[in-house]
Amino acid sequence: MATHRTKMLIIGSGPAGYSAAIYGARAMMEPIVVQGLQPGGQLTITTDVENYPGYKDVVQGPWLMEQMQAQAEHVGTRMMWDTIVDVDIAGGSPFRAVGDSGDEYIGDVLVIATGAQAKWLGAPGEQELGGKGVSACATCDGFFYRGKKVAVIGGGNTAVEEALYLTNHSDDVTLIHRRDELRAEKILQERVFASDKIKPLWNKSVDSFEAGEDGSLHHLVLKDTQTGETSTLEVDGAFVAIGHAPATELFKGKLPMDDGGYLLVDAGTPKTEVPGVFACGDVMDHIYRQAVTAAGTGCMAALDAERFLATLDFAKDEMPAVEAAE
Ligand code: NDP
């Protein structure tokens, strides 16, 4: 069991955590990144990435994350292969975290970049066909279905936005919902109903995702949630949009969260209500959820961390002696 001490402790290793580390290391905060169960985060389970700025050609998600990790290490970040199982932030800075390994991590600032994960249906074929027709991100993968038949599963804001986004690429978008009423905001619903490219399919759940001879998605097996009848729907792509779950279990009762479990921050900043604790990336963002926005808020966390440390240093310094008046 070892104790690792740093000015800047970062939990999580997606674009947010690595970007915070790159900026933090260059600001001499000697960051430690505790990488967690899925080093690299959600991008390591996607394939082609075409929307991360700086690359003219398609890059692979895992490769992009390897590059970010290497860049963070190159400028002086220490990577720890450990998963944080407990944090103590109640007493203020310095913050203490304990890893699965039994090691202890102490940081003057704590950057939370634990991310979020798309929820999946758990239906047969869903995971096997991931990247071969099944996706949880239309913004990431919609482009690959230009002129093809696609379906979106879900009835919330995400599903509706994904369906609307997909109309940029496809004229044949089916929105499959388990009820006969959408949960999404009315204004988004109106856009869906006004689109001649989106066909809502009510009261249907997906029983399975079936592959064709080429090994990629060929059709969905649907079940009517009212009658139990089954049917099939041929599609080239299916986007599961039934919500995201932020990885905030560790912080329950310790930091304020919204109803969905996302960490609350001061508007437009990565500052949580505890001075010195910053949240960046998908763990605090249920709206944009892009690698580039996560990287942006990671950078903001590092800049605010630096400012916070400056106030700590100032508080530690002895007050300058006041010269006696003559
Ligand atoms: P939501 O929880 O709002 O919606 C999830 C949808 O998926 C619901 O329609 C739900 O059905 C359906 N669903 C859940 N589980 C299953 C299942 N097992 N099988 C079939 N369907 C299922 O999640 P969202 O990701 O849409 O939104 C999350 C939060 O983010 C919300 O607060 C939303 O408003 C916000 N958001 C805001 C955006 C914006 O402001 N532009 C954009 C995107 C999200 P049912 O309705 O029957 O429960």
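Modeller: Start with a definition: a disulfide is a pair of cysteine sulfur atoms within 2.5 Å. Keep in mind that this model is predicted.

Colleague: How many disulfides does the structure hold?

Modeller: A disulfide is a covalent bond between the sulfur atoms of two cysteines. The structure holds one. Cys137 is joined to Cys140, with 2.0 Å from S to S.

Colleague: What is the handedness of the disulfide between Cys137 and Cys140?

Modeller: Read the torsion about the S-S bond. For Cys137 and Cys140 that torsion is about 75°, so the disulfide is right-handed.

Colleague: Is Cys137 buried or exposed?

Modeller: Buried means under 20% relative accessible area. Cys137 has 16% relative accessibility, so Cys137 counts as buried. Cys140 has 24%, so Cys140 counts as partly exposed.

Colleague: Now the ligand. How many residues surround the ligand?

Modeller: There are 14, and the closest are Thr158, Glu161, Arg178, Arg179 and Arg183. By class, the shell has two nonpolar, eight polar and four charged residues.

Colleague: Which atom of the ligand lies 2.9 Å from a polar side-chain atom of Glu161?

Modeller: A nitrogen atom. A side-chain N or O atom of Arg179 is 2.7 Å from an oxygen atom of the ligand. On its own the ligand has 910 Å² of accessible area, and the protein covers 73% of that.

Terms used: Residues numbered from 1 in each chain as written. Predicted model: local features only at pLDDT ≥ 70, side-chain atom pairs only at ≥ 80, totals over all residues. Heavy atoms only, no water. Buried < 20%, exposed > 50% of the residue type's maximum accessible area, 1.4 Å probe, protein only. Near = heavy atom within 4 Å. Polar contact = N/O pair within 3.5 Å; in protein donor to acceptor, adjacent residues only side chain to side chain. Areas by Shrake-Rupley, 256 points an atom, 1.4 Å probe, with all protein chains shown as cover. Nonpolar A, V, L, I, M, F, W, Y, C, P; charged D, E, K, R; others polar.
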